[in-house]
Amino acid sequence: MLDTAIELFYRNGCHTTGIDKILAEAGVAKMTLYKHFKSKEDLVLAAAQRFHDRAREEFEEAVNDKNYTPKERLIAIFDVLREWMEGEGFRGCPSANLAVQYPDLDHPIHQAAADHKRLRIKYISGLAADAGVPNPETLGEQLVLLIEGATVMTQITGDLTHADQAKEAAKVLIDAALATAA
């Protein structure tokens, strides 16, 4: 049921996806849903958590599995990004989509989206530190901004070259950050 909810929420949005649609596609009774979740928002939050955990693991595994130097891993982020964008059913960043649907900064679902972004910055900052960047948090935030921009632009325009442009910009930022270490 949770995997079905993830798929439907990502494809159609949380507010436009009814509980009955999720139950019908998952083949689950309403009693089963309410046995595990008190409300639709609880289901959305659980789906967001599971999706974010899975996406983070897959992203980090794809970057880390490459037999690259730490600097090459920073660049490989954008290859992984493009592969994701090329996938069937790409609908942009699930975290950004959630944040738009739940705009109150204090809402638990909005907070789950924000936490996912903070973890992404932390991971990329760790890669920057491994590469010897003197201020890895700054580079981590800059690279995430490139990722976010490329993701939104691709979602809106359908043009996959935004990932390539972000990769080229990332190379400039990475080289500049490493130059300050020398």
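How many cavities of 30 Å³ or more does a search of the whole structure find? In this predicted model, the search of the whole structure finds 1 cavity of 30 Å³ or more. The space that lies in the largest cavity comes to about 140 Å³, and 13 residues line this cavity, among which Ile-6, Phe-9, Tyr-10, Pro-94 and Leu-98 are the closest to its centre. At least two residues of the cavity lining are supplied by each of the helices α1, α4 and α6, with α4 giving the largest share, 5 residues. When the residues that line the largest cavity are sorted by class, 10 are nonpolar and 3 are polar, while no charged residues are found in the lining.

The largest pocket has a volume of about 700 Å³ and is lined by 29 residues, of which Phe-51, Ala-55, Glu-58, Trp-84 and Pro-94 lie nearest the centre of the pocket. Two or more residues of this lining are given by each of the elements α1 (2-12), α4 (40-64), α5, α6 (94-101), α7 (108-130) and α8. The largest share of the pocket lining comes from α4, which contributes 6 residues. In terms of class, the lining of the largest pocket divides into 12 nonpolar, 6 polar and 11 charged residues, whereas the lining of the largest cavity has no charged residues.

The packing of two helices, α5 and α8, was also described. Two packed helices are described by the angle between their axes and by the distance between the axes. For helix α5 (residues 70-86) and helix α8 (residues 136-157), the axes come within 11 Å and cross at roughly 20°. Because angles under 35 degrees count as roughly parallel, this crossing makes α5 roughly parallel to α8. The crossing of α5 and α8 is right-handed.

On the side of α5, the contact is made by Leu-74, Ile-77, Phe-78, Leu-81, Trp-84 and Met-85, and on the side of α8 by Leu-139, Leu-143, Leu-146, Ile-147, Ala-150, Thr-151 and Thr-154. Sorted by class, the contact of α5 with α8 has 11 nonpolar and 2 polar residues, and no charged residues take part. Trp-84, one of the α5 residues in this contact, is also listed among the residues that lie nearest the centre of the largest pocket.

Technical notes. Residues numbered from 1 in each chain as written. Predicted model: local features only at pLDDT ≥ 70, side-chain atom pairs only at ≥ 80, totals over all residues. Heavy atoms only, no water. Axes fitted to C-alpha atoms, helices over the stretch in contact; angles between N-to-C directions. Helix = DSSP H or I, 4+ residues; strand = E, 2+ residues; numbered from the N terminus. Parallel < 35°, antiparallel > 145°, perpendicular 65-115°, else oblique. Left-handed = near helix turned anticlockwise from the far one by under 90°. Contact = heavy atoms within 4.5 Å. Nonpolar A, V, L, I, M, F, W, Y, C, P; charged D, E, K, R; others polar. 1 Å grid on protein atoms, 1.4 Å probe; cavity = no way out; pocket = protein on both sides within 12 Å on 5 of 7 lines; lining within 4 Å. Points joined across faces, edges and corners; volume = space filled by probe spheres on them.
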